[in-house]
Amino acid sequence: VQLQAFGGGLVQAGGSQRLSCTLYGSIKSIHDMAWYRQAPGAQRELVAKVTRYGTTNYADSVKGRFTISRDNSENTVYLQMNSLKPEDTAVYYCNADLILDGSVFVRNYWGKGTQVTVSS
């Protein structure tokens, strides 16, 4: 299974950016999908999560500015980031709980991170 993230880069404060992450492989079902981030010198933190039923939750620091969504037909999760702040600068990682074909167990997978830099 591969989690391929797209998006990221340099953006000015107040701007917007959209991240996407597509899952590839022999996947039976995908449960929770999420975005985490890790700033330099900080621990990795949950940014937003969306369940297979569409229920979402967000870190307090991004509520009202970020929106997570998913396209189950494309095995893809998105993160729309608006009103970006310099403190949003971090490496962003997608994450998913899924069941592989031929298995009954839920396993957790991480994508490689994508850098988001917000300049002031």
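The paragraphs below go through strand pairing, a group of aromatic rings and a pocket in this predicted model. Local features are described where pLDDT is at least 70 and side-chain atom pairs where pLDDT is 80 or more, while totals for chains, interfaces and linings use all residues. Residues are numbered from 1 along each chain as its sequence is written, and side-chain values rest on heavy atoms, with hydrogens and water left out.

Strands 4 and 5 form a hairpin with six residues between them, and in the turn Gly-41 has a positive phi of about 75°.

The aromatic rings come next. Rings of Phe, Tyr and Trp (for Trp, the six-membered ring) count as a pair if their centres lie within 6.5 Å, and the pair is called stacked with planes under 30 degrees apart, edge-to-face over 60 and tilted for the rest. By this rule there are two aromatic pairs. Tyr-93 and Trp-110 make an edge-to-face pair, because their ring centres are 6.4 Å apart and their planes stand at 90°. Since Tyr-93 belongs to strand 9 (residues 90-100) and Trp-110 to strand 10 (residues 107-110), this pair ties together parts that are 17 residues apart in sequence. Ring pairs link Tyr-36, Tyr-93 and Trp-110 into a cluster. With buried meaning under 20% relative accessible area, exposed over 50% and partly exposed in between (1.4 Å probe, protein chains only), Tyr-93 is buried at 16%, whereas Trp-110 is partly exposed at 38%.

Arg-44 lies over the face of Tyr-93, at 3.7 Å from the ring centre, and its charged end also sits over the ring of Trp-110, 4.6 Å from the centre; the criterion is that NZ of Lys or CZ of Arg is within 6 Å of the ring centre and within 35 degrees of the ring normal.

Trp-110 is also among the residues that line the largest pocket, together with others including Val-1, Leu-3 and Lys-112. Strand 1 (residues 2-6) gives the most to this lining, with four residues.

Notes
On a 1 Å grid over the protein atoms alone, a cavity is a set of points where a 1.4 Å probe fits but cannot get out, and a pocket is an open set with protein on both sides within 12 Å along at least five of seven lines; lining residues have an atom within 4 Å of a point. Helices (H or I, at least four residues) and strands (E, at least two) are DSSP runs, numbered from the N terminus. Two strands pair if DSSP finds at least two bridges between them.
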